[in-house]
Amino acid sequence: MAALMATVAVLVVGLMTWQFVGAPPHSHEEMVQVFGEFLNAYEQGETSAVDVLARKYRGTLVSEAAASSALKRATVARPVVLGRHEVAQRYLLKMPCCDCVQTNYAASGKTSFVLFEHEKEQAEWFHTRPMIRAECHGKACCLVQLKNGLAATWPVDGGYATVVGVRDVTELERLVGALQPL
């Protein structure tokens, strides 16, 4: 009887430890802070910036088909966009808001911008950064000025897309037009 109770106690402690230590934190406020860390690292030109969210939210490299499956709709992140930006990596992130797909694009071997596909608009990811609302290629966009470029979020095919690192409004307009569902 004592052995049985000891076994049950060990299982309960193990389960509680796994739940609180092993599982990623699911605080939306913390996610906004981590996204801010990503934006700061990206603005500073840190090459590891694209890994900030993947490390925090257990990013798993996925294929285009797996990304579409996780999103429950076709991904809008094409293998090549704007003629020269190619998919470098595609991660599935387990974020507090939803399962999110992060697609890192590269041009000439360097990260050119990062695209996130998610369920709901996440303008709060930009926290206290000044933002404006505008229309880009017929879509309502929320735009944020970065040190060397823009970040923006807009609706796509039953979900939302957020891009970080487009050069200017002209490139954003072209990207929004290019990332339409097939």
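Me: What volume does the largest pocket have?
Reply: The model is a predicted one, and the value is computed from its atoms. For the largest pocket the volume comes to about 440 Å³.

Me: Which residues lie nearest the centre of the largest pocket?
Reply: The lining of the largest pocket is made up of 20 residues. Those nearest the centre are Tyr42, Gly45, Thr111, Ser112 and Phe113.

Me: Which element gives the most residues to the lining of the largest pocket?
Reply: Two elements, α2 and β5, each give two or more residues to the lining of the largest pocket. The element that gives the most, with four residues, is β5.

Me: How many residues in the lining of the largest pocket are charged?
Reply: Sorted by class, the lining of the largest pocket has five nonpolar residues and eight polar ones. The number of charged residues is seven.

Me: What span does helix α2 reach from its first C-alpha to its last?
Reply: Helix α2 covers residues 28–43, which is 16 residues. At 1.5 Å a residue, a span of 22 Å is expected. The model comes close to this, and the span of α2 is 22 Å.

Me: Which elements are included in what covers the buried residues of α2?
Reply: Buried means under 20% relative accessible area. In α2 the buried residues include Met31, Phe35, Phe38 and Tyr42. An α-helix has 3.6 residues a turn, so residues three or four places apart point the same way. The cover over the buried residues of α2 includes α3, β5, β7 and β9.

Me: Which residue with a positive phi follows α2?
Reply: Tyr42 and Glu43 are among the buried residues of α2. After the helix comes a residue with phi near 80°, and that residue is Gly45.

Me: Why is strand β8 largely enclosed by the rest of the structure?
Reply: Strand β8 runs over residues 149–156 and has eight residues. It is largely enclosed because the number of its residues that are buried is seven.

Me: How many bridges join β8 to strand β9?
Reply: Strand β8 pairs with β7 in the antiparallel sense over five bridges, and Gly149 is the bridge partner of Leu146 there. β8 and β9 also run antiparallel, with Trp154 opposite Ala161. The number of bridges that join β8 to β9 is seven.

Me: Which residue takes a positive phi in the hairpin of β8 and β9?
Reply: The hairpin of β7 and β8 has two residues between its strands. The hairpin of β8 and β9 has two residues between the strands. There, the residue with a positive phi near 30° is Asp157.

Me: Which residue in β3 stands opposite Leu61?
Reply: Strand β1 covers residues 60–61 and pairs with β3 in the antiparallel sense over two bridges. Within β4, Gln102 stands opposite Tyr91. The residue of β3 opposite Leu61 is Tyr91.

Me: Which residue takes a positive phi in the hairpin of β2 and β3?
Reply: Strands β2 and β3 run antiparallel and are joined by two bridges, with His85 as the bridge partner of Val81. Three residues lie between the strands of this hairpin. The one with a positive phi near 55° is Leu82.

Me: How many bridges join β3 to strand β4?
Reply: A hairpin leads from β3 to β4 through four residues. The two strands run antiparallel, and the number of bridges is eight.

Methods. Residues are numbered from 1 along each chain as its sequence is written. This is a predicted model: local features need pLDDT of at least 70, side-chain atom pairs count only at pLDDT 80 or more; totals for chains, interfaces and linings use all residues. Side-chain values use heavy atoms; hydrogens and water are left out. Buried means under 20% relative accessible area, exposed over 50%, partly exposed in between (1.4 Å probe, protein chains only). Two strands pair if DSSP finds at least two bridges between them. The expected span of a helix is 1.5 Å times one less than its number of residues. Contact means heavy atoms within 4.5 Å. On a 1 Å grid over the protein atoms alone, a cavity is a set of points where a 1.4 Å probe fits but cannot get out, and a pocket is an open set with protein on both sides within 12 Å along at least five of seven lines; lining residues have an atom within 4 Å of a point. Grid points are joined across faces, edges and corners, and a volume is the space filled by probe spheres set on the points. Ala, Val, Leu, Ile, Met, Phe, Trp, Tyr, Cys and Pro count as nonpolar, Asp, Glu, Lys and Arg as charged, and the others, Gly among them, as polar.
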